[in-house]
Amino acid sequence: MAMPPAVAAGELPTVVAVTAGLGLVVALAGIWVMGRLRTKSIGVMLAVVVVVAVAATLAGVVAIIMKMIIEGPIKDFVLSVVAVGGLVGLGVAFVLSKRVVGESRRLVAAVRDMPFAAPQGLPAELQTIANALEEAYAREQALEGARRELVAWVSHDLRTPLAGMRAMAEALEDGVVTDPETVGRYHRQIKLEVERLSGMVDDLFELSRIHAGALRLSRARIGLADLVADTLAGAEPLARAKGVVLTAEASPAVPVEADAGALSRALGNLVVNAIRHTPSDRTVVLRAGVDDGKACLSVTDCCGGIPEEDLPRVFEVAFRGEAARTPTADGGAGLGLAIAQGIVEAHDGEIAVVNDGPGCRFEIRLPLGGSGALLE
């Protein structure tokens, strides 16, 4: 019954070559079948894997038999062992595929059942997918809630000035108001409301571009000192009208690669927000410099501070820190800080707010321009 060593040594290279060739053919056939069945159940895939493994083994056994290295009863033993091994493999594949298919169907059922909650006890890969879906669903719900809140708030902010403009226009049209002084005041007020509405529409358009990823930046090497000077000049009339002292402290040689117009708008929004919330005869300070290897812009005001529970929400769309949506004299729909955040993040920067002394400090951090060297 034993195989002669001489025969085994002489036939071994041929058996290995034939077995490898047949195994390769079976493997290629299995890959082709799995490609054709790639949209079928995972159970079918597992069954194909087991069949390929058994077929490759049988091919090797057949090669040995064809070379007559195994003869007699031992041939039947080998074929029986291979057949039993194949049946066992198919059985295990069936049980495993049934569990995987069942767990995947449980995940599908959970996805269809809203609100979605990730089922527990899934295989590792399916559990990862379920957890990712749960996080995505939570983000989607938060965004949907923010969108609805924004629509409601902006609708209110638009309705209020429109109602006033309609009342004044009807009064002028019906001749209810005739004295020149009142007529002139109505005309000035209508113009002011139109400018406020135009500013709100511009903010909404800019915010929609940011959220849609359509904000296009024209980057160039600029100095923060020039940016601070331009922002200071633009905000000075508002500060003077409010009675707020506006000062700046800027290092003259801090370069950044940025879109000057967009970054100026972001900084301007922070400065205007600071002026609006700072009492008369108090100070708003702009600073520009380098901190921890990054270009740093900061706006410090005297607003009295922001409640700790509101700090994480400061940059949310339309957040004003109060439930009432009473329009202010200087307008605004609460979009300025959200726009500033979007512009800064588009520059690969960071924006944050902290309470500081009698007020709060908004900070913008940006990568230094070029190699990080200061401007000459």
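Contact here means heavy atoms within 4.5 Å. The structure is a predicted model, in which local features need pLDDT of at least 70 and side-chain atom pairs count only at pLDDT 80 or more, while totals for chains, interfaces and linings use all residues. Residues are numbered from 1 along each chain as its sequence is written, and side-chain values use heavy atoms, with hydrogens and water left out. The protein has eight helices and seven strands; helices (H or I, at least four residues) and strands (E, at least two) are DSSP runs, numbered from the N terminus.

**Overall architecture**

- The protein comprises 376 residues, of which 34% count as buried; buried means under 20% relative accessible area, exposed over 50%, and partly exposed in between, with a 1.4 Å probe and protein chains only.
- Among contacts with a separation of 6 or more, 66% are accounted for by residues 24 or more positions apart.
- The accessible surface comes to about 21700 Å², and 62% of this belongs to carbon and sulfur atoms. Accessible areas come from the Shrake-Rupley method with a 1.4 Å probe, and for residues only the protein chains shown count as cover.

- In α8 (336-346), the buried residues are L337, A338, I339, A340, G342, I343 and V344.
- The cover over these buried residues includes α5, α7 (260-277), β6 and β7.
- Just after α8, D348 takes a positive phi of about 65°, although D348 is not a glycine.
- D348 is placed in the loop between α8 and β6 and is exposed, with a relative accessible area of 59%.
- A positive phi, of about 55°, also occurs at D292, which is likewise not a glycine. D292 lies in the loop between β4 (283-291) and β5, and at 74% relative accessibility it counts as exposed.

**Salt bridges**

- A salt bridge is a side-chain nitrogen of Lys or Arg within 4 Å of a carboxyl oxygen of Asp or Glu. By this rule the count is eleven. In general terms, side chains of opposite charge can pair when their charged atoms come close.
- R196 and E193 form one of these bridges, with the closest N and O atoms 2.9 Å apart. The two residues are three apart in helix α5 (residues 180-211), so about one helical turn separates them. Both R196 and E193 are buried.
- Residues three or four places apart in an α-helix point the same way, because there are 3.6 residues a turn.
- R219 and D348 meet through their side chains in a further salt bridge, at 3.8 Å from N to O. This pair links distant parts of the chain, 129 residues apart: R219 is in the loop between α5 and β1 (220-223), and D348 is in the loop between α8 and β6 (350-356). R219 counts as partly exposed at 39% relative accessibility.

- E363 is found in strand β7 and is buried, with a relative accessible area of 18%.
- E363 forms a salt bridge with R365, the closest N and O atoms being 3.8 Å apart. Salt bridges that share partners join D291, D356, R361, E363 and R365 into one network.
- The side chains of E363 and R361 are joined by a polar contact of 2.7 Å. A polar contact is a pair of N or O atoms within 3.5 Å; within protein, one must be able to donate a hydrogen and the other to accept it, and residues adjacent in sequence count only if both atoms are side-chain atoms.
- Apart from its neighbours within four places in sequence, E363 is in contact with L297, S298, E350, I351 and A352.

**Aromatic pair**

- A search of the whole structure finds one aromatic pair. F315 and F362 form this pair, which is edge-to-face, at 6.0 Å centre to centre and with 90° between the planes.
- F315 lies in the loop between β5 (294-300) and α8, and F362 in strand β7 (residues 359-367), so the pair ties together parts that are 47 residues apart in sequence. Both F315 and F362 are buried.
- Rings of Phe, Tyr and Trp (its six-membered ring) pair if their centres lie within 6.5 Å; planes under 30 degrees apart count as stacked, over 60 as edge-to-face and the rest as tilted.

**Nonpolar surface patch**

- V111, M114, I129 and L133 form a nonpolar patch on the surface, with about 320 Å² of accessible area together.
- Patches are made of residues with over 30% relative accessible area and no salt bridge; like charges are joined within 9 Å, and nonpolar side chains (Val, Leu, Ile, Met, Phe, Trp, Tyr) within 5 Å.
- I129 is placed in helix α4 (residues 124-174) and counts as partly exposed at 42% relative accessibility.
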